[in-house]
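Colleague: Hi! Could you walk me through this model, one piece at a time?

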Amino acid sequence: MATLANLSPKAAIIVLVEHAFDVAVIGGGVVGCAIASALVRESLQVVLLEATADVGAGTSKANTAIWHTGFDAKPGTHEARLVARGHQLLAERGDDFGWPLERTGALLVAWDADQLFRLDSISANARATGYARIEVKSQSQVYELEPNLGVGALGGLLVPDEGLLDPWSIVIALATDFVVNGGTLRRKAAVTGAVHEAGAHELHTPAGPVRAAWVINAAGLNSDVVDRLLGHEGFTITPRRGQLIVFDKLARSLVKHVILPVPTATTKGVLVAPTIYGNVLLGPTAEDLTDKAATETTATGLAGLFEKGRAIMPKLLMEEVTATYSGLRAASEHSDYCYEVFPDNYVRVGGIRSTGISSALAIAEQVVADLRERGVAMQTLATPATVAVPNLAESRMRPYQDAARIAADPAYGRILCLCERVSLGEVRDALMSPVPAGDIDGLRRRTRALAGRCQGFHCGALITEMTSAWSGHSHA
Amino acid sequence: MPDLPQQTDEDVDVVVIGAGPAGLTLAHALGELGISDVLIIDRDTQPGGVPRYSDHHGYGIRDLRQPLRGPIYAGHLALRAVKGGARIMTEATVTDINAEQRTIEVTAPSGRFTIHAKVIVIATGCRERPRAARLIPGTRPSGVFTTAWLQRLVHLQHGSPGKRAVIVGAEHVSYSAVLTLRHAKCSIVAMVTERARHDSFTVFNIGARARWRFPLLRSATVTRILGDHQVTGVEIQDRKGRTKVLDCDSVIFTGDWVAENELARRAGLLIDPGTGGPAVDAHQATSAPGIFAIGNVLHPAATADICALDGEHAAAGIAAYLNAPGGWPTRSLRLRTEGTIQWATPSLLTPEVLNAARGKVLVQFSERRRLPRLEVVQGGNRLWSGFVPWGIPTRPVPISDSWLARVSASGSDPVLRVLP
């Protein structure tokens, strides 16, 4: 254990003054935020340690934003159970937290005889996971459901409960919930070392040491590194990159469902899906990498997606592209989540690959149950503070459409980001919130400002200036 | 914010969406015809459109017959519109449009309201195609701009784009970006174009490059953006496939204009596949009764004075419609384009609507042609042929509208093409 003499004055004060936390959650992605929020609502003293400057800035921000049912997960796995339960919890908690969901249904399309043959086994798999609402669709029914599909579809499966979620707002909602209910959020606090002695963990971070009785590792891409720091060695993360192309909102009317391909052994394949923000998504690629920071897009990746997209829905490619991005899935060598509770008061929540947002609430529920079973004293908050996130979904009323709200506060009537119709009021709120945006990317995820078709042609200069000015005032 | 008087729903004769050179000039011209119940709505803080932050000379040549700096030109047009009786509402965004009922939905600090108009004019302009839409791979650092973002940053926010910039594109607006960068004391590492030469005036190219000594890299494409948080360089590839990295801290994507067509599409107007904007006839009338369109939403991107002259020209057609509404053509022929002609406007050919703005049809080439000769044919009949002074991508060229009178209403769609 570090002696006080070795610490900076600030760190020394933290050690002296601050009592140990009940739980330290490592990783401010969707899974870490969900766990932290659930635990703080059980009256525990919880610290959430995020390595970067913002929550939800890793895998949680760059994915396909699908609200999965788990119909295609391997039966009997943690993943199958937690995704199915998480799917339900997202809907149940949606009104409290304010996040939108859109139950569009998914249409899994077979494009050749082999794929058509495999639809039966996909249905059987779904039933084995406990999902029984799959419907078989003929060729003509497939085209009735999705008239703009390219030629060559032979048949398909409709999964009515798959849909769209808002990956950005879910993380922000959970992190905000955590903070307003008394949790301690530390950003730029990567865990660099760990000691476990006398029944407590001590974690080293650039923001000083943190003591906690329990540690929960939800460090996503770095969950294997954190696992080793904590003296375990259970798995290795191989980042699997997914590049995606976002088409303009004017393309939204072309697509009605999440259009899935028949998955192969290695990948779920390239899909075309609406987004809850009203765009259309094409992707992802699946590239196994070694570099956990390789979030760039590549010419080969984008060209490959265009080729696949042209076959799936030729009309889509006539529309303008508003963004391209890539995310890294935290895939491990195991075919399931790496979830385990260890006797040294450590919970491993690693290898949560592409279904993490759908399962996050169920994972949090599981962690709470496991800690309670091991004698952690809890008391559920009778009246937790609630803060609903602002709505970014096109299927619900946005602030710019809300006459009463504008009359009460004209800032909601001053549209700054014209393409996405983001008002001054929303930008202000995001920069002043309990978990404020610290930079332009954080602002984009909280409001969609600058995420539209013009990419800053109209408002980039103004919004960037506003962000640095306001974040400077409120958070020196 | 202080309490604002709440704006309520209202009826006007003419509502113009966009207070750029086209919209402002239209309002002035309507005023001259005695039509003053005109409301111009703009989402920006001030009227004027692009020239407002494009702080250099060259505006006002064809319309005002005098060279002006952009902001001066913008101010002049706005003042003239107001003197003609028009009202200008800024910071107000039109979020939807209903062509049948001729209503628009507006969000402004003063409220959310509906305007019903006898005539709606779409003057929403165009934008530069940003990096993402050009599918440029790489990381997503800051320091990637379009010219408009750059010019607003420098001229309106008085901010700094960086120290070393690469300019992508070599058309008129690219040289406008050069001026802005130099004003901000940013050096220019290179100008990169995928075409075999620049598309602007030779005097701009020679002048700018001699004065500020930067290379024009031709037949070169940007293949990657580098840098984690801030741009550190761009990778470019030449015609032979060789790549190199240009060190820089900012990249300006210039030109490659796209019509700002969201409202036109939401209104269900017939869209011209070449321009992406609404198809209009020679009186700037769209396919929907009472809805007109002017400026660069029709021809991305002509210079500001040509947009202004669209506006001036549209006034007569709008006045005629206000006097006798109901006479909207139900079916028009369409001007089709072939080969290296990307678009031509006006492209709706309505009988008896024979005089286009400036007496010209604007034509855009997709590839460079030296002294091209064009023809318009309908069935087996040649309606017109002639040489045009240039065939340069990104620079619309005018041809005569004299042949509009020779179009047979019962014939097939006329075709505009380049003669070999």
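Modeller: Happy to! One term to begin with: two strands pair if DSSP finds at least two bridges between them. Keep in mind as well that this is a predicted model.

Colleague: How many bridges join strand 22 of chain B to strand 25 of chain B?

Modeller: There are 4 bridges between strand 22 (residues 360-365) of chain B and strand 25 of chain B, and the two run antiparallel. To find one pair on screen, look for Val361(B), whose bridge partner in strand 25 of chain B is Ile399(B).

Colleague: Now some hairpins. How many residues lie between strand 12 of chain B and strand 13 of chain B?

Modeller: That hairpin has 6 residues between its strands, and Gly227(B) takes a positive phi near 120 degrees there. Strand 12 (residues 221-226) and strand 13 (residues 233-237) of chain B run antiparallel and are joined by 5 bridges. Ile225(B) is opposite Val234(B) of strand 13 of chain B.

Colleague: And what does strand 13 of chain B form with strand 14 of chain B?

Modeller: Those two form a hairpin as well, with 5 residues between them, and Gly241(B) in the turn has a positive phi of about 90 degrees. Strand 13 of chain B pairs with strand 14 (residues 243-247) of chain B in the antiparallel sense over 5 bridges. In that pairing, Gly233(B) has Asp247(B) of strand 14 of chain B as its bridge partner.

Colleague: Changing topic: how many residues does each chain give to the contact between chain A and chain B?

Modeller: Chain B gives 37 residues and chain A gives 33 residues. On the side of chain B that touches chain A, the largest share, 5 residues, comes from helix 4 of chain B. That side of chain B divides into 14 nonpolar, 13 polar and 10 charged residues.

Colleague: Is helix 4 of chain B largely enclosed or open?

Modeller: Largely enclosed by the rest of the structure, because 9 of its 10 residues are buried. Among the buried residues of helix 4 of chain B are Trp149(B), Arg152(B) and His155(B). After helix 4 of chain B comes His158(B), with a positive phi near 55 degrees.

Colleague: Which residues touch the most other members of the largest nonpolar core?

Modeller: Ile35(A) and Val121(B), in a core of 273 residues. Beyond its neighbours within four places in sequence, Ile35(A) is in contact with residues including Val25(A), Ile216(A) and Val367(A). As background, nonpolar side chains tend to be buried together in soluble globular proteins.

Colleague: Last one, on domains. How many residues of domain 1 and domain 3 of chain A are in contact?

Modeller: In chain A, 14 residues of domain 1 are in contact with 11 residues of domain 3. Helix 6 (residues 167-180) of chain A gives the most to the domain 1 side, with 6 residues. That domain 1 side of chain A holds 10 nonpolar, 2 polar and 2 charged residues.

Notes: Residues are numbered from 1 along each chain as its sequence is written. Chains are lettered from A and ligands numbered from 1 in the order in which they are written. This is a predicted model: local features need pLDDT of at least 70, side-chain atom pairs count only at pLDDT 80 or more; totals for chains, interfaces and linings use all residues. Two residues are in contact if their C-beta atoms, placed from the backbone, lie within 7 Å. Ala, Val, Leu, Ile, Met, Phe, Trp, Tyr, Cys and Pro count as nonpolar, Asp, Glu, Lys and Arg as charged, and the others, Gly among them, as polar. A residue is buried if 20 or more other C-beta atoms lie within 10 Å of its own, exposed if 12 or fewer, and partly exposed in between; C-beta atoms are placed from the backbone. A nonpolar core is a set of buried Ala, Val, Leu, Ile, Met, Phe, Trp, Tyr and Cys residues joined through C-beta atoms within 7 Å.
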